[in-house]
Amino acid sequence: MPQIDSKYVKLAYQYLFNHLPTLILIPVTATASAHLLRLRPDDVITSVQSIHLDRFQILCSVFLIIFISTVYFMSKPRPVYLVDYTCYKPSIMCRVPFSTFMEHSKMNLKDNPKSVEFQMRILERSGLGEETSLPPAIHYIPPNPTMEDARAEAELVIFSVVDDLFARTDLKPKDIDILIVNCSLFSPTPSLTALVVNKYKLRSNVKTYNLSGMGCSAGIISIDLARDLLQVVPNSNAVVISTEIITPNYYKGNERAMLLPNCLFRMGAAAVLLSNKRRESRRAKYKLVHIIRTHKGSDDRAYKCVYQQEDAQGLVGINLSKDLMAIAAEALKSNITTMGPLVLPASEQLLFLLTLIGRKIFNPKWKPYIPDFKLAFEHFCIHAGGRAVIDELQKRLQLSAEHVEASRMTLHRFGNTSSSSLWYELSYIESKGRVKRGDRVWQIAFGSGFKCNSAVWKCNRSIGTPTGGPWEDCIDRYPVHIPEVVKL
Amino acid sequence: MVLSNEESPIYDIKISSVGPGHISGQDAAQELTGMDLAMKLHYIRTVYYFPAQAFEGLTIIDIKETIFNWLDHAYIPCGRFRKSDSGRPYIKCNDCGVRLIEARCNMGLREWLEPRDHDDDDAKHKLLVSSQVLGPDLFYSPPVLMQLTKFKCGGMAVGLSWAHVLGDAFTAASFINLWGQATRKQYPAQPLRMAHYNNEAQNSKSPIREPLSVKRVGPVGDHWAMKNETNMETYSFYASWAELTRLQSSICGDKDKENQQIPPFESLCTIVWQCVAKIKRDSDVKMVTICKKDSGNSFEGVITNKAQRVKVVKTDVPVVELSPIELGLLIMNQAVDETKIIEEVMDSDNELPDFLVYGTNLTFVDLHDAPIYDLNIRGHEPVYVHCGINNVGDEGVVLVFPSREDHCDGVRVSVTLPENYISDVKSMLKKEWSLCSC
């Protein structure tokens with residue numbers, strides 16, 4: 001009984017404080033209306049006529065009103081709409097079942113049985129499924145990718161996803177004003193943006209930006225860049241392509257901390273159409289509400305925790321330090337501290353403030369209050385960096401299994417596709433028919449640096465199923481139960 | 001073409017794996033029958049030669065895509081072996097895939113297929129198919145390997161290495177014929193399945209006699225191969241159907257007589273048995289094994305070893321003293337079917353013995369109606385197909401498979417014997433029966 005009571009108390013408290021302005025306004029309006037209604041029509045006309053204003057004062061007042069309105073509307077940021085987005089669906093011939101991955105590992109690392117054993121243990125607990133994909137060049141024993149293979153993969157994934165975007169949004173290549181591509185580990189010259197400009201014959205005055213080296217959170221950084229540009233350039237379309245090219249980055253050595261990415265990273269890409277055009281407000285799926293970026297790079301530990309380097313044999317790979325989860329937790333804390341006031345309802349903010357004051361003044365031993373982000377968002381897209389990341393965030397934010405389902409299932413079906421994984425997750429939630437108009441979505445990504453970036457979207461229109469996309473042929477099989485350890 | 005040791009004509013070798021494009025096997029456990037396990041030390045190696053038009057315009061990516069689609073419907077050979085608690089091997093259908101080897105050849109197809117006067121002319125076909133066996137790391141060994149070798153002219157050789165434990169040569173042929181259908185976007189209604197394993201032998205009453213057609217070897221452990229005591233060599237010759245009719249009549253004599261007609265395969269068995277017996281004067285060849293397809297049941301859509309009947313023919317009289325017709329009639333009428341006995345011995349022995357079947361006695365394998373020319377890639381048939389059975393015992397193997405040479409249908413007979421007998425057999429066949437490889 002006390003449990004149910006406290007639940008109702010909490011609900012009542014939330015309702016009171018979240019709707020405080022409304023609750024104050026209602027009695028005030030009621031009193032004023034009651035007073036006005038008591039006056040007779042003659043009295044009203046007399047009181048209006050008694051206000052003597054000459055023409056000059058009237059003109060000044062009007063100009064003042066116009067001036068204030070103009071300043072207000074000019075300083076309002078342009079709304080940024082997400083018209084639609086597409087995700088890359090890998091071809092069946094890129095499929096790598098667990099058994100094939102392990103067999104190839106054994107053959108590639110035949111002189112290092114301990115490293116093979118390590119990879120097997122990682123794979124068993126990784127949360128990946130049997131349908132993730134690696135590019136054709138990595139299927140060889142041993143993989144010996146050339147730059148041409150890397151370009152081939154880039155062309156394959158980027159062109160596929162951009163073609164889909166054109167088909168879904170009826171966008172014409174000449175209507176692209178801003179093009180941003182982010183791909184952390186493959187940065188050829190000419191850049192990947194030049195690749196797109198060349199293939200689709202974009203306009204000569206298109207603004208292109210190619211972001212490389214920024215890790216798995218670069219997808220949100222690209223959206224942030226697009227948003228800032230769309231404030232400056234009126235009436236424009238921006239296309240953001242997020243991908244990670246696996247081919248040149250397969251680690252050929254046997255250093256354990258550097259073998260981890262081989263086990264988790266898989267092929268993927270996403271293309272997003274953003275616009276600030278007023279007419280897109282009707283068909284756009286989402287509206288961008290906030291972007292919060294947190295960079296912990298000033299701390300040495302954070303800076304070095306995801307570090308690309310050569311191993312003892314001179315082979316290049318990405319070293320993941322053992323502190324990764326701890327640093328991710330700290331970065332998350334910073335990010336949500338900044339984000340809290342922007343998205344949390346008044347009730348949560350008040351509680352957090354009161355607890356903070358209490359801890360500082362009265363008793364430092366009070367447990368810090370973790371705001372309930374489930375009140376601020378309906379859907380969560382946590383970057384599918386690995387099972388540990390999702391587990392950690394689920395614990396810290398006190399999320400239910402359904403909230404993290406999109407992340408877990410994306411990790412299972414597609415693996416860690418780096419910056420594009422957030423879009424696969426959103427596509428999952430849409431394909432399940434769970435996104436309704438007005439729903440708020442929180443996308444959160446971690447990446448090298450160490451960075452934690454968040455994006456908040458609000459659903460602009462109802463999204464019906466089926467939606468097409470990468471989950472089209474398999475959404476009915478999901479969610480699946482993912483065992484703790486898969487027996488190989 | 002002289003196969004010098006310095007430079008192999010095959011270069012630019014790349015190895016990868018291809019498997020089912022969609023989740024197919026679902027980690028199901030596929031049990032193996034006693035006959036399957038009895039054949040585990042043998043491997044069927046077939047090379048299909050295609051003209052340039054068959055694969056024209058296809059990149060390796062395109063070819064791999066057809067294979068991924070094909071293997072969705074044939075996922076059992078894509079699995080890997082595991083052992084149950086009792087130690088009995090079974091297949092885990094984990095979609096691991098077949099090994100694919102890409103290679104190039106610096107010769108043209110016509111030049112390659114030109115027969116040369118060389119004792120082991122058959123060795124060239126061995127370069128185009130993998131000779132890898134199962135084990136020693138059994139759990140990570142692929143039962144099926146494919147090699148795609150591109151010739152200078154654009155022609156392509158497809159080398160299929162098939163572990164006999166999966167099924168016989170007919171099964172192997174129907175397996176790869178599905179790939180041909182996949183290149184034409186046709187797929188079977190049901191995926192290939194394996195014959196069901198009945199554990200009947202546990203109820204056997206009397207002590208079973210040892211089969212004469214197999215030899216216990218090993219223990220081989222997890223390395224499913226046997227080493228020969230002597231080097232084996234292969235000699236093959238072609239005989240058109242007209243030629244075979246001539247041989248038949250020269251064995252049987254007049255058609256009008258009441259004598260039973262000896263069919264072509266058995267005629268060839270007679271001829272080769274007599275030749276080998278004459279050459280091996282000291283160790284008379286008194287017993288041979290005959291392997292033929294079970295003509296009764298249909299095993300369509302099934303990969304199995306149950307369709308092959310293993311028979312043994314014994315003679316008390318020295319073979320050299322028998323006339324061809326007598327020997328032929330002996331083969332026809334006195335063959336003892338040992339298939340069931342082999343299976344019973346395998347199933348009743350908890351230790352799961354390692355058997356050598358082909359080559360324990362001089363073995364004749366009848367593949368003359370195997371559908372090897374039915375592999376149709378985008379509407380093109382192979383110009384030539386060469387079959388071989390590898391890892392056989394020291395007594396040798398004689399394979400009879402269909403062949404199409406000089407626009408004429410017939411059979412090719414491939415004789416594998418210890419190397420010191422080959423040239424004698426070759427000259428005797430030419431002298432007494434006018435059979436040669438030209």
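Into which domains is chain B divided?

1. Chain B has two parts to look at: domain 1, covering 10–198, and domain 2, covering 215–433. Please keep in mind while reading that this is a predicted model.

2. On how these two parts sit together, the C-alpha centres of domain 1 of chain B and domain 2 of chain B are 23 Å apart. Domain 1 of chain B brings 70 residues to the contact, and domain 2 of chain B brings 61 residues.

3. Between them, domain 1 of chain B and domain 2 of chain B bury about 5,900 Å², and 60% of that lies on carbon and sulfur atoms.

4. Now over to chain A, where helix α7 (residues 147–169) packs with helix α8 (residues 192–200) at an angle of about 55 degrees, their axes being 11 Å apart. Because of that angle, α7(A) is oblique to α8(A). The crossing of α7(A) and α8(A) is right-handed.

5. Which residues make this helix contact? From α7(A) come Ala154(A), Glu155(A), Ile158(A), Phe159(A), Val162(A), Asp163(A) and Phe166(A), while α8(A) supplies Leu192(A), Leu195(A), Val196(A), Lys199(A) and Tyr200(A).

Conventions:
Residues are numbered from 1 along each chain as its sequence is written. Chains are lettered from A and ligands numbered from 1 in the order in which they are written. This is a predicted model: local features need pLDDT of at least 70, side-chain atom pairs count only at pLDDT 80 or more; totals for chains, interfaces and linings use all residues. Side-chain values use heavy atoms; hydrogens and water are left out. Axes are lines fitted to C-alpha atoms, for helices over the stretch in contact, and angles run from 0 to 180 degrees between N-to-C directions. Helices (H or I, at least four residues) and strands (E, at least two) are DSSP runs, numbered from the N terminus. Angles under 35 degrees count as roughly parallel, over 145 as roughly antiparallel, 65 to 115 as roughly perpendicular and the rest as oblique. A crossing is left-handed if the near helix is turned anticlockwise from the far one by less than a right angle, and right-handed if clockwise. Contact means heavy atoms within 4.5 Å. Domain bounds come from an automatic or database domain assignment. Buried area is the accessible area (1.4 Å probe) that two parts lose on being put together, summed over both.
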